[in-house]
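The sequence and structure come before the details.

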Amino acid sequence: MDQIFTFPACSGSRFNGIEGQTNYIGDKPEFATLTIGGNDADFYEVVERCIFQTKHLTYGGEYPDPTGLCALEIQNAKKIISSQDFRDKLQQSAIEELYNAGVKKYPEFKVFLTGYAHFFNIDADSKRCNDISFGPGFHKPKLSLKLRQAMNDLVEQVNNLYRDVVASMNNRNIHFVDISPAFNGHRFCEPNNNDWDNEDEHQKGETWIW
């Protein structure tokens with residue numbers, strides 16, 4: 001029998017947007033993968049204030065300066081992720097919403113909640129990335145080791161929460177999948193990969209995060 005794959009994911013989607021996406025579930029769905037939460041955790045603002053810096057006239061001191069907009073936004077994201085509201089919405093508005101919609105049509109329907117991949121290589125050999133910036137405008141924030149570590153730590157905080165929530169649900173058809181290890185060697189700032197835009201013909205495709 002032919003397999004049908006449906007991709008209703010939407011850029012900018014949040015926990016409360018899952019209900020609308022469940023309308024795409026077919027007649028006898030076997031499983032669904034779910035990657036969500038970055039927008040609810042303000043990851044966009046973290047990237048804007050720490051990596052790109054295109055919106056404001058001033059961002060204050062670069063990370064880890066506690067008065068800079070980058071450090072303040074990272075602290076804000078940590079607070080959101082650790083809140084009970086974030087945890088409840090992940091479980092109730094996202095995972096359970098999707099699972100309940102699928103299991104009505106197929107009793108053995110499964111949900112695989114994926115975490116996020118660490119964005120940056122932070123090995124000692126990747127020091128040359130410290131003086132590089134992805135900032136396209138007037139501001140040019142550097143991808144320092146401390147900043148890269150802080151960004152990865154945010155991802156790990158989310159992944160640990162997701163793992164814990166799924167375990168607490170104790171449902172054999174709901175699983176957490178840690179995708180981050182699969183990206184080893186293919187993140188930004190890899191020591192042996194100079195092409196982070198995937199434009200070099202010799203290294204094309206080596207960076208898996210756009």
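## Disulfides and a buried leucine

Cysteine 50 is buried, with a relative accessible area of 2%. The model is a predicted one. Cysteine 50 sits in helix H2 (residues 43–52) and cysteine 70 in helix H3 (residues 69–81), so the bond links distant parts of the chain, 20 residues apart. The link is right-handed, with 105 degrees about the S-S bond. Cysteine 70 has a relative accessible area of 3% and is therefore buried, the cut-off being under 20%.

In the whole structure, a search finds 2 disulfides. The other bond joins cysteine 129 to cysteine 189, with 1.9 Å from S to S. Cysteine 129 belongs to the loop between strand S2 (110–114) and helix H5 (145–169), while cysteine 189 is in the segment after strand S3 (174–177), so this pair ties together parts 60 residues apart in sequence. When the bonded cysteines are numbered in sequence order, the pairing reads 1-2, 3-4.

| Residue | Relative accessible area |
|---|---|
| Cysteine 50 | 2% |
| Cysteine 70 | 3% |
| Cysteine 129 | 1% |
| Cysteine 189 | 1% |

Leucine 90 is part of helix H4 (residues 84–103). Its relative accessible area is 0%, so leucine 90 is buried. Leaving aside residues up to four places away in sequence, leucine 90 touches Phe15, Ile95, Leu113, Tyr162 and Val165. From leucine 90 to glutamine 75 the C-alpha to C-alpha distance is 20 Å, at 15 residues apart in sequence.

Technical notes
Residues numbered from 1 in each chain as written. Predicted model: local features only at pLDDT ≥ 70, side-chain atom pairs only at ≥ 80, totals over all residues. Heavy atoms only, no water. Helix = DSSP H or I, 4+ residues; strand = E, 2+ residues; numbered from the N terminus. Buried < 20%, exposed > 50% of the residue type's maximum accessible area, 1.4 Å probe, protein only. Contact = heavy atoms within 4.5 Å. Disulfide = S-S within 2.5 Å.
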